[in-house]
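Dear colleague,

I am passing on the structure below, together with notes on its sheet, a helix pair and its aromatic pairs. Please read them alongside the coordinates.

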Amino acid sequence: MTQDVIPYTFIALPRSYAHVFYGLSEATKDLLFFLTENILGWHTDRKSFSNGFICSRTGISESSLRRARKELAELGVLKCGITRVAGRMRVLYHLIVPPTTSPSRPEKPAPVEGARPAPPRQPRRGTPSTGGTHVKNMQTTSVKEQHQAPHESEPVQKVGKPVEVRDLTPPPTPDDDSSRSSQKKPDLTEKQMRMSAHLESLGVHRSMSRRLVESKPMELILAALNRLPFRQAKNPAAYLVRELLDGGYGEVPAVHAARTREDIQAKRKAEEVEDQARREREEMELKQHVEGVLAGVSVEDRRKLLEEARARVGGWASRTALEEGNPVLRGALCDVILERWPMGEQARMVA
């Protein structure tokens, strides 16, 4: 006997969920069953799950899961949020159990003012089981309906003061299209027509170009057209219309043309030539200064200067730089001379 008892392993499904269950898609049904089992089955109303866990348990895809969440949220039985569990983001599912409501009865339409009230319904005499009485009552009712039909079809006439019929159509406003079309537009002059055609060629709409040439001075339009190439606007026609409607903008600031690659290379080459000429001039001045110092000293002083220069070279270079014209020795000799007789002191020394 105890084996026939149903074990207590089922969960309670809210009646409101049963009402919204019909008409749901398969993925939405699977999600609703999963949430009911894993949330309400644990006596709580919210719990967080990952998308992969729900998809593995229910067998639906992630796109179907997102659509099912949206469908349940629109029905008012689910709210979703984001939470962090063990350093990972999870979707927080909050199940809402709406109150169960009985099907609402259709409300009776409100009676129309002035309409004839319906006659009260006559109680039925007899039952279908009585046979003749029911058939006799049906025949009597049909005869009465035939006599009452002409009277019900006639309109109800009331005697009183005649009602004056008024035209409830509002008068046309100045912004109305009908009144605008009825008004004759003023003719444009030849100059205005040429300016309107020029604006249309730039991309301005025909109605807007006509409006601009009619309402704005011709000098303002010409000034805006002259400044337009220097505005660097992405949409020149829209910029021109906006400028004219705003009354014109200021003068265009001076725009410096961007240097091209050829200009940069030419400038760099000129600088290199100038530096080379400056270095050659400095070398020539240094050479003249050293030659002037050596020419102004005695032979003994010149020999001492060479020995000091060889001592500064040192090492293996002193053995190779024995001749006076050696570049290494010549450089060391220039350093010695510049230390004792800087540039510009040669004249005083010679004098």
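Three strands form an open sheet in the order S1-S3-S2, with antiparallel pairing; strands here are DSSP runs of E of at least two residues, helices are runs of H or I of at least four, both numbered from the N terminus, and two strands pair if DSSP finds at least two bridges between them. Strand S1 (46-49) and strand S2 (78-85) stand at the edges with a single partner strand each, so one side of each has no neighbour in the sheet. On average, neighbouring strands of this sheet are turned by 30° against each other, direction ignored.

This is a predicted model, in which local features need pLDDT of at least 70 and side-chain atom pairs count only at pLDDT 80 or more, while totals for chains, interfaces and linings use all residues. Residues are numbered from 1 along each chain as its sequence is written, and side-chain values use heavy atoms, with hydrogens and water left out.

Within the sheet, S2 and strand S3 (residues 88-95) run antiparallel and are joined by eight bridges, with lysine 79 opposite histidine 94 and valine 85 partnered by arginine 88. The hairpin of these two strands has two residues between them, and alanine 86 there takes a positive phi near 55°. Helix H4 (residues 62-75) lies across S2 and S3 and runs at about 130° to S2; axes are lines fitted to C-alpha atoms, for helices over the stretch in contact (heavy atoms within 4.5 Å), and angles run from 0 to 180 degrees between N-to-C directions.

Turning to the helix pair, the axes of helix H7 (residues 190-201) and helix H9 (residues 218-227) come within 12 Å and cross at roughly 30°. H7 and H9 are therefore roughly parallel to each other, a term that covers angles under 35 degrees. Lys191, Gln192, Met195, His198 and Leu199 in H7 meet Met218, Ile221, Leu222 and Leu225 in H9.

Finally, the structure holds five aromatic pairs (ring centres within 6.5 Å). In one of them, tyrosine 239 and tyrosine 249 are edge-to-face, at 5.8 Å centre to centre and 75° between the planes, where edge-to-face requires planes over 60 degrees apart. Tyrosine 239 lies in helix H10 (residues 236-245) and tyrosine 249 in the loop between H10 and helix H11 (261-296), so this pair ties together parts that are 10 residues apart in sequence.

Methods. Parallel < 35°, antiparallel > 145°, perpendicular 65-115°, else oblique. Phe/Tyr/Trp six-rings, centres within 6.5 Å; stacked < 30°, edge-to-face > 60°.
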